[in-house]
Amino acid sequence: MHSALFWLRKNPHAWLMGYWAFYLFGFFSLEQLDPEYTIIHCFIDDLIPFNEWFVIPYCLWYLWMPGTMLYLFFKDKTDYCRLCFIMFVGMTLAMLTYLVWPNGLDLRQPIPRQNVLCQLVELLRGIDTPTNVCPSIHISSTVSIAIVGLRCKLFRGNLPVHALIWAMTILITLSTLFLRQHSVIDVVAGAALSLVLMLPAYRINWAKIFPEIAPACAKNGAC
């Protein structure tokens with residue numbers, strides 16, 4: 001216990017991870033409400049066919065997001081703080097939107113085939129309800145990873161890593177549409193949210209807020 005507290009004192013930016021408790025409580029509390037939802041829809045949604053193969057990149061998001069955060073936590077604390085800011089403020093604003101403007105989808109149709117991937121989609125639908133969708137947290141968090149990852153000095157000139165980031169961003173985005181988990185409107189709103197939050201994230205002096213990250217910040221030239 002003493003060693004854990006000592007480690008937290010030396011790494012106060014680790015407390016940012018505590019946001020997940022607030023997020024999970026807030027999101028699932030919103031799911032318990034039963035307001036009158038505004039249905040999100042645009043004509044492009046009707047042109048996108050269902051494709052169960054996209055359940056693979058959709059589920060990879062659950063590894064991509066925490067994996068990226070942990071990597072930056074240990075390798076570039078300044079970019080970790082930037083990522084947390086864009087992602088967590090975006091999640092908070094999205095939940096506030098769901099609270100004052102409840103919204104949902106009416107895009108899901110019976111799954112046309114039966115195979116392992118379709119069964120996984122059915123499981124996903126049982127867990128992830130078609131409510132509280134705009135702006136999409138799935139997309140805003142994915143775009144926040146892309147913003148920070150592509151600008152990260154650790155990956156400067158690293159074409160394979162940049163290609164991976166672009167591929168994951170595009171595939172995860174498409175997965176929300178081809179699985180009919182989100183409308184195009186949700187996707188655009190989620191991406192726009194992260195792009196707007198990028199501006200303050202790169203203007204805040206994170207080393208001033210968390211002085212302990214200053215040595216690594218100076219070493220990486222990321223201050």
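**Pocket, confidence and a helix**

Q: Which class, nonpolar, polar or charged, has the most residues in the lining of the largest pocket?
A: In this predicted model, the lining of the largest pocket includes 2 charged and 7 polar residues. The remaining class has 17 residues, and it is nonpolar.

Q: Which element gives the most residues to the lining of the largest pocket?
A: The pocket has a volume of about 630 Å³ and is lined by 26 residues, with Tyr-23, Phe-27, Trp-61, Tyr-62 and Asp-128 lying nearest its centre. The elements that give two or more residues to this lining are α3 (55-75), α5 (116-127), α6 (137-151) and α2 (19-32). The one that gives the most, with 6 residues, is α2.

Q: In which helix is confidence lowest?
A: The chain averages a pLDDT of 90, and 89% of the residues score at least 70. Confidence is highest in helix α8 (residues 184-201), at a mean of 98, whereas the lowest mean, 55, belongs to residues 214-220, which form helix α10.

Q: How far does helix α7 reach from its first C-alpha to its last?
A: Helix α7 (residues 159-178) has 20 residues, and the expected span at 1.5 Å a residue is 28 Å. The computed reach is close to that expectation, at 28 Å.

Q: What covers the buried residues of α7?
A: The buried residues of α7 include His-162, Ile-165, Met-168, Ile-172 and Phe-178. Just after this helix, Arg-180 takes a positive phi of about 60°. The cover over the buried residues of α7 includes α3, α6 and α8.

Terms used
Residues are numbered from 1 along each chain as its sequence is written. This is a predicted model: local features need pLDDT of at least 70, side-chain atom pairs count only at pLDDT 80 or more; totals for chains, interfaces and linings use all residues. Side-chain values use heavy atoms; hydrogens and water are left out. On a 1 Å grid over the protein atoms alone, a cavity is a set of points where a 1.4 Å probe fits but cannot get out, and a pocket is an open set with protein on both sides within 12 Å along at least five of seven lines; lining residues have an atom within 4 Å of a point. Grid points are joined across faces, edges and corners, and a volume is the space filled by probe spheres set on the points. Helices (H or I, at least four residues) and strands (E, at least two) are DSSP runs, numbered from the N terminus. Ala, Val, Leu, Ile, Met, Phe, Trp, Tyr, Cys and Pro count as nonpolar, Asp, Glu, Lys and Arg as charged, and the others, Gly among them, as polar. pLDDT is the predictor's confidence in each residue, from 0 to 100. The expected span of a helix is 1.5 Å times one less than its number of residues. Buried means under 20% relative accessible area, exposed over 50%, partly exposed in between (1.4 Å probe, protein chains only). Contact means heavy atoms within 4.5 Å.
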